[in-house]
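Dear colleague,

I am passing on the structure below, and my notes on what was found in it follow directly after. Please read them with the coordinates open beside you.

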Amino acid sequence: MSTRQMPGQLELVFDVPVLTDDLRAELTSHVLPGWQAMGACRSVADDTWFPEPTETGLKSAAVDRCVFCPVRRSCLAYALAGDEEYGVWGGTTELQRDVLVRDLVDGASVVDALDGATLLPEFLWRQAS
Ligand code: SF4
């Protein structure tokens, strides 16, 4: 179990559980080979996707760009399986992925977690997390 502390007006400290090897393997099975070459961000500068935690405007803009990405699901599954701690992946922020990891460790299905995060319209996903 690791702990994440986010800077901001409120200091949030909470435990982030660790995925099991079985969950990592299942997440990896949802990653399409060569997905990076099909990402909507392939021509956008890398630093756009790794805003500082306090750069909420940049983070929101990055999340918005992921909405219509054809490999969003693969991107999210890859990030979750690989413990990507920073940046926007699959239209999710660090904190949103922490919520997903917690849900998975608590028994949520991988399919439901990926569907919920990638098929919901962004405004609903943001309200839910
Ligand atoms: S979901 Fe977002 S970060 Fe992932 S490949 Fe697509 S545009 Fe890039």
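**Fold and ligand shell**

From the N terminus on, the elements of the protein chain follow the order β-β-α-α-α-α-α-α, with helices (H or I, at least four residues) and strands (E, at least two) taken as DSSP runs and numbered from the N terminus. This is a predicted model, in which local features need pLDDT of at least 70 and side-chain atom pairs count only at pLDDT 80 or more, while totals for chains, interfaces and linings use all residues. Residues are numbered from 1 along each chain as its sequence is written.

Around the ligand there are 14 residues, of which Gly39, Cys41, Cys66, Cys69 and Cys75 come nearest; a residue is near a molecule if its C-beta atom, placed from the backbone, lies within 6 Å of it. Both α2 (56-66) and α3 (72-81) supply at least two residues each to this shell.

Of the 129 residues of the protein chain, 24% count as buried, meaning that 20 or more other C-beta atoms, placed from the backbone, lie within 10 Å of the residue's own. In α3, nine of the 10 residues are buried, among them Arg72, Arg73, Cys75 and Tyr78. The cover over the buried residues of α3 includes α1 (21-28), α2, α4 (94-105) and α5 (110-119), where a contact requires C-beta atoms, placed from the backbone, within 7 Å. After α3 comes Asp83, which has a positive phi, near 55°.

With best regards

How values were computed. A residue is buried if 20 or more other C-beta atoms lie within 10 Å of its own, exposed if 12 or fewer, and partly exposed in between; C-beta atoms are placed from the backbone. Two residues are in contact if their C-beta atoms, placed from the backbone, lie within 7 Å.
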